[in-house]
Amino acid sequence: MALKRNLIILLSFFNFGCTSLAERDYSSALIEEMTPETKKEIEQVLSAASKRTIRGLSENIFMTDSVVVLEKNRPQDSEIRSIRIMTKPDRYELILNKNGQCFIRHDETNLQWFLFKAKCVSQ
């Protein structure tokens with residue numbers, strides 16, 4: 001009986017701990033105004049994050065949706081270059097922290113890159 005009671009108490013603490021860890025100190029964001037400098041900075045961040053060169057992004061990236069999904073690198077072998085990669089794509093989210101700083105966050109790793117030139121608003 002005591003073991004059952006202790007197990008219930010332990011599970012209650014575990015459940016409380018998970019709830020408090022899930023709280024976010026940021027919100028999804030949108031770019032307020034796209035400038036050439038902002039677009040270049042986003043391209044540089046996504047290039048560094050995905051370990052490949054990203055160019056030619058849409059002029060309204062992160063202006064209508066806080067999420068961008070990029071396919072992972074394709075192999076350079078000419079025989080399989082045209083085959084789609086069957087792995088999960090990279091998903092990046094534009095976020096605004098509680099201090100008003102704008103970041104791009106990689107969903108899978110939770111790595112974040114600060115944007116210096118972008119002006120963001122909460123979505």
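This is a predicted model: local features need pLDDT of at least 70, side-chain atom pairs count only at pLDDT 80 or more; totals for chains, interfaces and linings use all residues.
Which residues in α2 are buried?

View 1. Residues are numbered from 1 along each chain as its sequence is written, and side-chain values use heavy atoms, with hydrogens and water left out. In α2, the buried residues are Thr38, Lys39, Glu41, Ile42, Glu43, Val45, Leu46, Ser47, Ala49 and Ser50. Buried here means under 20% relative accessible area, exposed means over 50%, and partly exposed lies in between (1.4 Å probe, protein chains only). Helices (H or I, at least four residues) and strands (E, at least two) are DSSP runs, numbered from the N terminus. The buried residues of α2 pack against β1, β2, β3, β4 and β5. The end C-alpha atoms of α2 are 21 Å apart, which agrees with the 21 Å that its 15 residues should span at 1.5 Å a residue; the expected span is 1.5 Å times one less than the number of residues.

**View 2. The largest nonpolar core.** A nonpolar core is a set of buried Ala, Val, Leu, Ile, Met, Phe, Trp, Tyr and Cys residues joined through side-chain atoms within 4.5 Å. The largest one holds 21 residues, and Ile42, Leu46, Leu94 and Ile104 touch the most other members. At least two residues of this core come from each of β1 (26–31), α2 (36–50), β2 (67–70), β3 (90–97) and β4 (102–106). The element that gives the most is α2, with four residues. Look closely at Leu46: leaving aside neighbours within four places in sequence, Leu46 is in contact (heavy atoms within 4.5 Å) with Ile54, Leu57, Ile61, Leu70, Tyr92 and Ile104.

View 3. Strands count as paired if DSSP finds at least two bridges between them. β4 pairs with β3 in the antiparallel sense over five bridges, and Tyr92 stands opposite His106. β4 also pairs with β5 (residues 112–114), again in the antiparallel sense, over three bridges; here Phe103 stands opposite Phe114.

**View 4. Turns and loops with positive phi.** The hairpin of β3 and β4 has four residues between the strands, and Gly100 in the turn has a positive phi of about 85 degrees. What about residues that are not glycine? Most residues other than glycine have a negative phi. Lys51 has a positive phi of about 60 degrees although it is not a glycine. Lys51 follows α2, in the loop between α2 and β2, and is exposed, with a relative accessible area of 72%. Asn110, also not a glycine, has a positive phi of about 65 degrees. Asn110 belongs to the hairpin of β4 and β5, which has five residues between the strands, and is partly exposed at 47% relative accessible area.

**View 5. The disulfide.** The structure holds one disulfide, a term used for a pair of cysteine sulfur atoms within 2.5 Å. Cys102 is joined to Cys120, with 1.8 Å from S to S. The pair links distant parts of the chain, 18 residues apart: Cys102 in β4 and Cys120 in β6 (residues 120–122). The link is left-handed, with -50 degrees about the S-S bond. Both Cys102 and Cys120 are buried.
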